[in-house]
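Me: Please walk through the aromatic pairs and the sheet in this structure, with the cut-offs behind each term.

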Amino acid sequence: MSETIPDRSERIVFVDDEADVRRANRQSLELDGFAVEVFDAAEPALAAILADPPGVVVSDVRLPGLDGRGLFAALRAADPDLPVILITGHGDISMAVGAMREGAYDFLAKPYPAEALIASVRRALDRRRLTLENRRLRARLEEAVEADPAFLGVSPEIVRLRRLVRDVAGADVDVLVLGETGSGKEVVASALHRWSRRAPKNFVAMNCGALPDTVVESELFGHEAGAFTGALKRRVGRIEHAHGGTLFLDEIESMPLNLQVKLLRVLQERTVEPLGTNEIRPVDMRVVAATKVDLGQAAAQGTFRDDLFHRLNVITIPIPPLRERREDVLLLFQHFLARAAARFNREPPAIDAAIREHLLGHSWPGNVRELGHYAERCALGLAGTPEAAAESAAGRTLAEQVDRFERDLIRDELIMAGGDVRVAAEHLGTPRKTLYDKIARHGLTPTDYR
């Protein structure tokens, strides 16, 4: 027999064969604001729960017919994450402990105060909310990945960005991508390539700030054997290698001014002249340049050529920072966490209340890249709370804290790059030799992260 109540999404199901016990516990829970549905036997309770799962189930162990242990087993088979609290007599405590090892949420030994029941139910409901939120995130993530794996998110900002990139991809014009560090500029450039007629050809990426000035020219334009000391054989530059495809120039604001002149000629003439030869070779490519600074302001200050800025500024795609699309943070984190767990051959940990609070409260100045690093640490079980980080910093000098921050940042980049120092150096915008020196100083071993 069921005593019905108005439908509530987070209701409590209470099962006991004694009417006085049902009445007293229902009253205690309702006085504390919970919606409660009571049953006098396990069989009708099980049918109702399977048809419309509640937030928490509280059941006496000793019931006529199907007992509380059997009810728990049936519920666990249907939904292992549904919290079940068992009520036991003193003689059943060892059995209840065994049930908790099997996944029961909690048990209360008779006689118990109403406050103990309310506290246990409240904790169980908190866990249930997180569980259901994680399920909704996984479902949304699957839908988002199926719809478009390149631009995960549901915020208006990411929807507009996705639409703009798709529209521009088919136009086959040079593009300037503007976004903060870690916001996903290369993701946008890669999508522009994939969704264009140039997709079958090469997508060639180069970080202008990750290479010494003496190397950039050879990397970009190529050289012939004997063009300079050490040039033992011909090298095809990035521009020529991108023929037919897309050339992505990240951190273009870091390109030396003398090379900006040569790049401007390439953009205007669609030809390239490698070092050590007078041969001019035609190139057919789209150029996607990315910057984290205002190039117009840089041009006004003389640190970037005004004519190159206007040549690149035909179509600009601004990327919104993560703090302006907070609806996407949990979804992106779930994606990064699952990917990191698979990479480290681990089960993805649950997103608990502390992690969720940090995800929604942090401003993410490093944007999507910082979020990805945090997911990596969570997957490895290394993500402490901001309070713990502040506590660990207490008593350290500024130099010690900066040194520790640098070490953690390099370690995170090595994790993301799978131990590839070249990739880590590009992401950090640091010359490879400098990064090797810092890796040695901090006692890190790149092969540990492969």
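**Aromatic rings and the sheet**

Reply: Phe333 has a relative accessible area of 0% and is therefore buried (under 20% counts as buried, over 50% as exposed and in between as partly exposed, with a 1.4 Å probe and protein chains only). The model is predicted, so local features need pLDDT of at least 70 and side-chain atom pairs pLDDT 80 or more, while totals for chains, interfaces and linings use all residues. Residues are numbered from 1 along each chain as its sequence is written, and side-chain values use heavy atoms, with hydrogens and water left out.

Me: How many aromatic pairs does a search of the whole structure find?
Reply: Rings of Phe, Tyr and Trp (its six-membered ring) pair if their centres lie within 6.5 Å, and planes under 30 degrees apart count as stacked, over 60 as edge-to-face and the rest as tilted. With these limits, the number of aromatic pairs found in the whole structure is 4.

Me: Are the rings of Phe203 and Phe248 stacked, edge-to-face or tilted?
Reply: Phe203 belongs to strand β8 (residues 203-207) and Phe248 to strand β9 (residues 246-250), 45 residues apart; helices (H or I, at least four residues) and strands (E, at least two) are DSSP runs, numbered from the N terminus. Phe203 is partly exposed at 25% relative accessible area, whereas Phe248 is buried at 1%. Because the ring centres are 6.2 Å apart and the planes lie at 15°, the pair is stacked.

Me: Which residue in β12 is the bridge partner of Thr246?
Reply: Strand β9 runs parallel to strand β12 (residues 286-291), and 4 bridges join them. Within β12, the bridge partner of Thr246 is Arg286.

Notes. Pairing = 2+ DSSP bridges.
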